[in-house]
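Hello,

Here is the structure you will be taking over. My notes on it follow below.

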Amino acid sequence: MKKIILSMALITAICFNSCNIDRYPASSMDGDEAIGNIDENFPSLLKGAYGYLKNWSDVMHRCGEYAGDNMMIRGTSTDAFYEFISFSRTPNNYRLQSFWDRSYKVIAQTSNLIKEVPEGKSDEIDTQLGECYYLRGMLYFYLCRAYGRPYYQNPEQNLGVPIVNGTPNNPAMATLPDRSTVKETYEQAISDLKKAASLMKKDIHGEQAHIYASREAAWAMLSRIYLYMSGTYESPNQEYARECITYSDMVINSGKFSLLTREEYGKSNTLLPEKNTEDIFVIKRIGSEFPGYDYYFGIGGMYANIGGMGWGEMYASAKYLDLLNETGQNDWHEGTYTDIRAKFIEPQYTDKKTPVFRFIKNVYNNDGTQTNYNYVQIPYTKKTGDTGDTIICQENNEQSYTLTPVDPSQRLYSIQYSDGKTYQGVLDYEMKLNRVYPMFYIVKCSREGGEENHLYSPIISRLDEIYLNRAEANVKLGNLAQAMQDINTIRGRSIVGGEYNASQFTAITAKTLVDKERQLELAYEAERSYDVFRNGGTLTRHYPGPHHPMVDIPATDYRVVYFIPQTAIDSYKGTLTQNPASN
């Protein structure tokens, strides 16, 4: 049996001439057998490439979501993922190594399939080759947005990732190329995705189409890539904005996908991807892949404890909760929602049903410098008089406060607190605390299939994103009416009567309104941090948590990209340039 282990900078990539080719979910195949019977083995080898995406998607999610402002963690952690939250970047991070390795394993396997299988044998084989091109192009893009700087920042010089399309003829003697530029890496991804779309002309997956690459999935990814290339709102690249709109139109007008209703969307986390009309491409996970206590370690396991499993140590950030409540307070305790997306958040109330006034206060050090924020929950009593209700809070049976009404219909009041500051908060019921933080569980990544567990098939592309892509591109082109229409399509689905009119959606406000809707809609789908930085924004996390909330991260900061894993550099057969360690 022939066995060649290719050390690719990046990885020990398992290619055709390997004893272990992961299948779906797992198997092995003799390398000579794979080559000798390529027509027969092609489907299994392709499924092996999909199989690598299962664990890949775990780190992909953490890289994109933890570095954003939709979530907070209850305390510091020794786990490697805490670097994503704290922005304390190091090149020795086993999670980033896994992301790098599995990405290049898929690139290697799909590249070798592309080399070995000729086009034109049948529509089915061409479609499968198209899937190979899609997976390779998608992964070059995902690698580049993690390890390469935002596209608007000098893409001709900034480094992306190495372009290594398959196993060299003589791996032992090969010298692999250094990192290509961001521009070159994007060009590779675009070329692959366009090729994928041209080949995938036949529907060969039927009802399972959403869990495999498709022509429409390639268009959807091109829509996103061109959006990433479309510059900032202040300095847009109109050519790429138009390309984004072109591919968005192709997806939306394909007729293969439809937006869920408000009610359906509120429970979309429970739908199987095969039954979700909005899904374009997702990475299918199944329950048998999480034996024993493995749900603790899945994506949803950090966000909640469900069915007795999960750490439940990461919660919705106060910033994201404020966005959900912006058009009216969601009443989680009573199960009524102004914004249906609030259903993906589940506050954990105590059994006592104690009425409290909850607000966020500033935290200062001994020098009087603000260092953080913290939640406060104070029990209150309501006294009814001739002039209306009076809300009185008593903290620790000592300090008493009379609240000032802000909007009683929304349960909003303000307090003149003991530190001399005035804070606004909400009347609610006492919530459980983890350390000092109320537990706002996130369930968007749990309960797939309606089961009380953390089964979740990570989303790569979904129809709502395509509307949002087109809206942003239209703003960058000055087409405000078209942009507003797309934003209202998404916003009106979630917030009854929440659509904007032309006096609200203007050249001055459009940027903020588009970004806000994108954050609300795509939260917990690994997009947020990249969305901030690709548009030249600054990540602000002024809310409770151990994440250094007083430190803002501008898009020009060296930490907006991750270090190349040191083990990949050490094993690389050639030069592999590291990212800078300072500005």
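The second largest cavity holds about 110 Å³ of space. A cavity here is a set of points on a 1 Å grid, over the protein atoms alone, where a 1.4 Å probe fits but cannot get out. Grid points are joined across faces, edges and corners, and a volume is the space filled by probe spheres set on the points.

This is a predicted model: local features need pLDDT of at least 70, side-chain atom pairs count only at pLDDT 80 or more, and totals for chains, interfaces and linings use all residues. Residues are numbered from 1 along each chain as its sequence is written, and side-chain values use heavy atoms, with hydrogens and water left out.

Back to that cavity. Its lining has 13 residues (those with an atom within 4 Å of a point). Nearest its centre are Arg 145, Gly 148, Arg 149, Pro 150 and Tyr 530. Helix H5 (123-147) and helix H14 (528-534) each supply at least two lining residues. H14 gives the most, with three. Helices are DSSP runs of H or I with at least four residues, strands are runs of E with at least two, and both are numbered from the N terminus. By class, the lining has nine nonpolar, one polar and three charged residues. Ala, Val, Leu, Ile, Met, Phe, Trp, Tyr, Cys and Pro count as nonpolar; Asp, Glu, Lys and Arg as charged; the others, Gly among them, as polar.

The whole structure has six cavities of 30 Å³ or more. Of its 15 lining residues, Ser 268, Asn 269, Lys 444, Tyr 456 and Ile 459 are closest to the centre. Strand S4 (279-282) and strand S17 (459-462) are the elements that give two or more residues to this lining. Its classes are six nonpolar, four polar and five charged.

Next, a helix pair. H12 (480-494) and H13 (510-522) pack at about 35°, with axes 11 Å apart. Axes are lines fitted to C-alpha atoms over the stretch in contact, and angles run from 0 to 180 degrees between N-to-C directions. In H12, the residues in contact (heavy atoms within 4.5 Å) include Ile 487, Ile 490 and Arg 491. Their partners in H13 include Val 514, Glu 517 and Leu 520. The contact has six nonpolar, one polar and four charged residues.

Last, the record. UniProt (unreviewed entry) places "domain: SusD-like N-terminal" at residues 59-227. Its annotations may be inferred rather than shown by experiment. That stretch is 54% helix and 2% strand, with its end C-alpha atoms 23 Å apart.

Best wishes

Terms used
On a 1 Å grid over the protein atoms alone, a cavity is a set of points where a 1.4 Å probe fits but cannot get out, and a pocket is an open set with protein on both sides within 12 Å along at least five of seven lines; lining residues have an atom within 4 Å of a point.
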